[in-house]
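Hello,

Here is the structure I promised to pass on. Please have a look, then read my notes below.

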Amino acid sequence: MRFARSKRGLRLKTVDSCFQDLKDSRLVEETFTIDEVSDMLDGLQTVVHSEVESELINTAYTNVLLLRQIFSQAEKWYLKLQTDISELENRNLLEQVAEFEKAEFVSSNKKPNPEQVKPKLTPLHEGASELLQKEIARLQEENEKLKTRLKTIEVQATSALDEKSKLEKALRDLQIIQGDQKFDATQDVSDLENTVAALKCQFEKTLNDSSANQKSLEENLVTATHELLKVQDQLAMAEKELEKKFQQTAAYRNMKEILTKKNEQIKELRKKLSKYEPDD
């Protein structure tokens, strides 16, 4: 607001100087003809038109640069901003901005009352959306680790199945050899069967542990997915809250007030110039 106020003051002084230059340079005679007056007014119109057009263009470009800074920060925080152009012509909001400007700059030379000074928000060194993005990245990284562990367990389970197949084949071969040779090696066979049984028990235990681990990993994955959805929902709520706060900021209202005042100034200048135009 202070920047726009200073720029407006400079432009008004420039317009005033245009009229003063005309008075000093052309109004040196006591009487003028219609053509001379028309020529002076045409020249003044050209100068004032150029100054006003230059100010309007500069104001538009300045607003674009200001919005560019805001959008760059929003892009860094992964925010989605929306604007309502119709609010730029809201008369009530523009009057509120005018009252704010009057209250701020009229009492700027006065010592502020500590009880009436509104507290200002401390600047955010790290945006809330950025923190949410970090949390999402952490959950995704943990999800990738769980997937890697699940693949490792699947490889171990496949290896155990292959080992079981080899043991069963060895048992069948041993039984065939026992049937052909008909040797009495009851104790050895019993030991071998016990060994195979122990191996089967160990294998089943390994499979059970693998199934339990896989179930735990699946539950962790589901939990992580829920947390990710929750964080995304919080991010959406934070975006809406930031958008709502932005539309209530002084900068947003200031831009609306500046555009409205410039339009009113143009209308006033046109009315003043129309008084000097000759009737058809």
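What does the accessible surface of the protein come to, and what share of it belongs to carbon and sulfur atoms? The surface is about 22000 Å², and 53% of that belongs to carbon and sulfur atoms. Areas come from the Shrake-Rupley method with a 1.4 Å probe; for residues, only the protein chains shown count as cover.

Some ground rules. This is a predicted model, in which local features need pLDDT of at least 70 and side-chain atom pairs count only at pLDDT 80 or more, while totals for chains, interfaces and linings use all residues. Residues are numbered from 1 along each chain as its sequence is written, and side-chain values use heavy atoms, leaving out hydrogens and water.

**Fold**

The protein has six helices and zero strands. Helices (H or I, at least four residues) and strands (E, at least two) are DSSP runs, numbered from the N terminus. Of the 280 residues, 19% count as buried. Buried means under 20% relative accessible area, exposed over 50%, and partly exposed in between (1.4 Å probe, protein chains only). Take contacts (heavy atoms within 4.5 Å) between residues at least 6 apart in sequence: 85% join residues at least 24 apart.

**Salt bridges**

The count is eleven. The rule asks for a side-chain nitrogen of Lys or Arg within 4 Å of a carboxyl oxygen of Asp or Glu.

Arg8 pairs with Glu101, with the closest N and O atoms 2.9 Å apart. Arg8 lies in helix α1 and Glu101 in helix α3, so this pair ties together parts 93 residues apart in sequence. Both Arg8 and Glu101 are buried.

Glu55 and Arg11 form another salt bridge, at 2.9 Å from N to O. Here helix α2 supplies Glu55 and helix α1 supplies Arg11, so parts 44 residues apart in sequence are tied together. Glu55 is buried at 6% relative accessible area; Arg11 is partly exposed at 24%.

Arg138 and Glu142 meet at 3.5 Å, N to O. They sit four residues apart in helix α4 (residues 128-181), separated by about one helical turn. Arg138 is partly exposed at 39%, and Glu142 at 36%. Salt bridges with shared partners also join Arg5, Arg8, Glu101, Glu257 and Lys261 into one network.

**Loops**

Tyr78 is in the loop between α2 and α3 (91-106). Its phi is near 60°, a positive value in a residue other than glycine. Most residues other than glycine have a negative phi. Tyr78 counts as exposed, at 53% relative accessibility.

Glu29 lies in the loop between α1 (2-26) and α2 (34-76). Glu29 is also exposed, at 53% relative accessibility.

Best wishes
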